[in-house]
Amino acid sequence: MSLTSGLAEVSDDDFGTEVLGADLPVLVQFTADWCGPCRQLGLVLRDIAFEEGDRLKIVQLDVDRNPDTTVAYGVLATPTLMVFRDGEPVRSMVGARPKRRLLEELADLL
């Protein structure tokens, strides 16, 4: 477990298995311990994970501890949200947002 939100945390080492190899679409929050908006968004994501867990997997990746994955996907700011389906990134969003807006942005992927 991870950074205060209670969401699962992935790393450079298990990103391929946990995200790219997942059966469900996976929303990855690229985050950092020092990022205030990341913490707020983590709470929103925890709620969504609870409600949509059968349709969407949600994980966090710490950008400071996992530079390979961060660089590989061109993440330049935190929080960045990236949705992967069948091993490919299909959506990218930068910045915290309220739950209702985030659910609207994800509706076509669920």
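**View 1. V28 and M82 in the pairing of strand 2 with strand 4.** V28 stands opposite M82, a residue of strand 4. The model shown here and in the views below is predicted. Strand 2 covers residues 26–31 and runs antiparallel to strand 4, with five bridges joining the two. Strand 4 itself spans residues 80–85 and is mostly covered, five of its six residues being buried.

**View 2. Strand 4 and strand 5 as an antiparallel pair.** Strand 5, residues 88–94, pairs with strand 4 over six bridges in the antiparallel sense. Within this pairing, L81 has M93 of strand 5 as its bridge partner. The two strands form a hairpin, and two residues lie between them.

View 3. D86 is placed in the loop between strand 4 and strand 5. Its phi is positive, near 55 degrees, in a residue other than glycine. Is D86 buried or exposed? The relative accessible area of D86 is 64%, and exposed applies to values over 50%, so D86 counts as exposed.

View 4. T78 and P79 are joined by a cis peptide bond with omega of about -5 degrees. P79 belongs to the loop between helix 3 (67–72) and strand 4.

**View 5. The tilted ring pair of F15 and Y73.** The structure holds three aromatic pairs. In the pair of F15 and Y73, the ring centres are 5.6 Å apart and the planes stand at 45 degrees, so the pair is tilted. The two residues come from distant parts of the chain, 58 residues apart: F15 is in helix 1 (residues 15–20), and Y73 is in the loop between helix 3 and strand 4. F15 is buried, with a relative accessible area of 3%. Y73, at 24%, is partly exposed.

**View 6. The edge-to-face ring pair of F15 and F84.** F15 also forms an aromatic pair with F84, with 5.5 Å from centre to centre and 80 degrees between the planes, which makes the pair edge-to-face. F15 lies in helix 1 and F84 in strand 4, so the pair ties together parts of the chain 69 residues apart in sequence. How accessible is F84? Its relative accessibility is 1%, and F84 therefore counts as buried. F15, Y73 and F84 form one aromatic cluster, with residues from helix 1, from the loop between helix 3 and strand 4, and from strand 4.

**View 7. Packing of helix 2 against helix 4.** Helix 2 (residues 36–52) and helix 4 (residues 99–106) pack with their axes 10 Å apart, at an angle of about 55 degrees. Helix 2 is therefore oblique to helix 4. The crossing of the two helices is right-handed. Which residues meet where helix 2 and helix 4 pack? On the side of helix 2 they are L41, V44, L45, D47, I48 and E51; on the side of helix 4 they are K99, L102 and L103.

Terms used:
Residues numbered from 1 in each chain as written. Predicted model: local features only at pLDDT ≥ 70, side-chain atom pairs only at ≥ 80, totals over all residues. Heavy atoms only, no water. Buried < 20%, exposed > 50% of the residue type's maximum accessible area, 1.4 Å probe, protein only. Helix = DSSP H or I, 4+ residues; strand = E, 2+ residues; numbered from the N terminus. Pairing = 2+ DSSP bridges. Phe/Tyr/Trp six-rings, centres within 6.5 Å; stacked < 30°, edge-to-face > 60°. Axes fitted to C-alpha atoms, helices over the stretch in contact; angles between N-to-C directions. Parallel < 35°, antiparallel > 145°, perpendicular 65-115°, else oblique. Left-handed = near helix turned anticlockwise from the far one by under 90°. Contact = heavy atoms within 4.5 Å.
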